[in-house]
Amino acid sequence: MSLVVSAISVRKAAKPILADVSFTAPSGAVTGLIGPNGAGKSTLLAALLGLVPATGAASFQGHDLPAMPRRDRARMVALVEQSASTEERLSVRDVVALGRIPHESAWQSAPSSADAAIIDAALADTGMTAYATRRFDTLSGGEQQRVHLARALAQQPRLLLLDEPTSHLDIAGQLQLMALLRTKAAAGVTVLIALHDLNLAARFCDHLVLLSGGTRAAEGPPGEVLTPALLQAVYGVTARLVPDPQAGRPLIVYDEAVPRTSPQIPD
Ligand SMILES: Nc1ncnc2c1ncn2[C@@H]1O[C@H](COP(=O)(O)OP(=O)(O)OP(=O)(O)O)[C@@H](O)[C@H]1O
């Protein structure tokens, strides 16, 4: 099922942060949520889960996402946050096991053998099996990012939301992550990922939503959204799109920073 976002608006400190943002993230596809710093990507992901007060609607599989009881929603939707550091003293395996909590019955004290297999698969999918007994707070930034992803995968979500999950990953890690998301999408998971790397977005996303100053500036296939004119207006860069026949998607080559012409969120 698609994620349908309708006219989401958010105000913080009396300032409009998101204004009437509407888009559809198609079912079983990877949708990239792109836009410059401060465009409202993290706020939008939080609004979808009712974590910030918002008006408008977000529905998935017939459910009103922001209004759903937390535990019911957590059985269907997982969010990989930009930074989450509440699990410092736990082992890597225990952090990933937190992803099973929404699925556990009230009287269950430890993960079942089925849960254990799901946790093992999430560790393996993210390349973290060898780290299972390490304390989470001894990991590097990129390793911690992989564990957060593993925890989200252990939730077995039908909708996977990710906020800049590649920011600490090396090149191989970024490619592995995007390939993993493609595999999950092919298995029917709807993926919405906030990304800064537009070349990753161009290569691996089926659909893009471009935010600018809290509004939706464009939505569609990468070839339609990533145009030199939009990149200049929204990101303030001159850029060329170079064909890459092997990938079948264009490569973006950036030239220089120039003034943006699209509206910004006022200070
Ligand atoms: N409590 C607040 N009061 C005022 N403004 C806020 C508050 N929280 C967030 N903002 C502003 O909301 C805007 C959107 O922030 P958000 O974190 O959603 O952007 P983003 O697109 O995720 O940015 P980045 O790419 O830098 O992570 C920013 O301009 C930010 O300064």
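**Entry 1: a term first.** Exposed means 12 or fewer, and partly exposed is what lies in between. I also kept in mind that this is a predicted model.

**Entry 2: helix 5.** With the term settled, I checked which residues of helix 5 are buried. I found Gln144, Gln145, Arg146, Val147, His148, Leu149, Ala150, Arg151, Ala152, Leu153 and Ala154. That makes 11 of the 14 residues, so helix 5 is largely enclosed by the rest of the structure. I then looked for what covers these buried residues, and the list includes strand 6 (77-80), helix 3 (92-97), helix 4 (113-125), strand 7 (159-163) and helix 6. The length fits too: at 1.5 Å a residue, helix 5 should span 20 Å, and its end C-alpha atoms are 20 Å apart. After the helix comes Gln156, where I noted a positive phi near 50°.

**Entry 3: helix 6.** Next I turned to helix 6, which runs over residues 171-186 and has 16 residues. From first C-alpha to last, helix 6 reaches 23 Å, close to the 22 Å expected. Its buried residues are Leu177, Met178, Leu181 and Ala185. Looking down the axis of helix 6, I saw that they fall within an arc of 95°, so they line one face of the helix. Ala172, Ala179, Thr183 and Ala186 are exposed on the other side. What do the buried residues of helix 6 pack against? I wrote down strand 3 (30-34), helix 5 (141-154), strand 8 (190-194) and helix 7 (198-204). Just after helix 6, Gly188 has a positive phi of about 110°.

**Entry 4: the ligand.** I counted 13 residues around the ligand, and the closest are Asn37, Gly38, Lys41, Ser42 and Thr43. Two elements give two or more residues to this shell: strand 2 (15-25) and helix 1 (41-48). Which of them gives the most? Helix 1 does, with 3 residues. Sorted by class, the shell holds 4 nonpolar, 6 polar and 3 charged residues.

**Entry 5: two positive phi values.** Ala13 has a phi of about 50°, and its place is in the loop between strand 1 (3-12) and strand 2. Is Ala13 buried or exposed? With 5 other C-beta atoms within 10 Å, Ala13 is exposed. Asp20 has a positive phi of about 55° and lies in strand 2. I counted 14 other C-beta atoms within 10 Å of Asp20, so Asp20 is partly exposed.

**Entry 6: the whole protein.** Last, I stepped back. I noted 9 helices and 12 strands in the protein. The C-alpha trace spans about 55 × 40 × 35 Å along its principal axes. A compact globule of 267 residues would have a radius of gyration near 18 Å, and the protein's 19 Å agrees with that. Of the 267 residues, 38% count as buried. Among the contacts with a separation of 6 or more, 65% come from residues 24 or more positions apart.

Conventions. Residues numbered from 1 in each chain as written. Predicted model: local features only at pLDDT ≥ 70, side-chain atom pairs only at ≥ 80, totals over all residues. Near = placed C-beta within 6 Å. Helix = DSSP H or I, 4+ residues; strand = E, 2+ residues; numbered from the N terminus. Nonpolar A, V, L, I, M, F, W, Y, C, P; charged D, E, K, R; others polar. Rg over C-alpha atoms; globule rule 2.2 N^0.38 Å. Buried ≥ 20, exposed ≤ 12 C-beta atoms within 10 Å, placed from the backbone. Contact = placed C-beta atoms within 7 Å. Expected span 1.5 Å × (residues − 1). Arc of directions from axis to C-beta.
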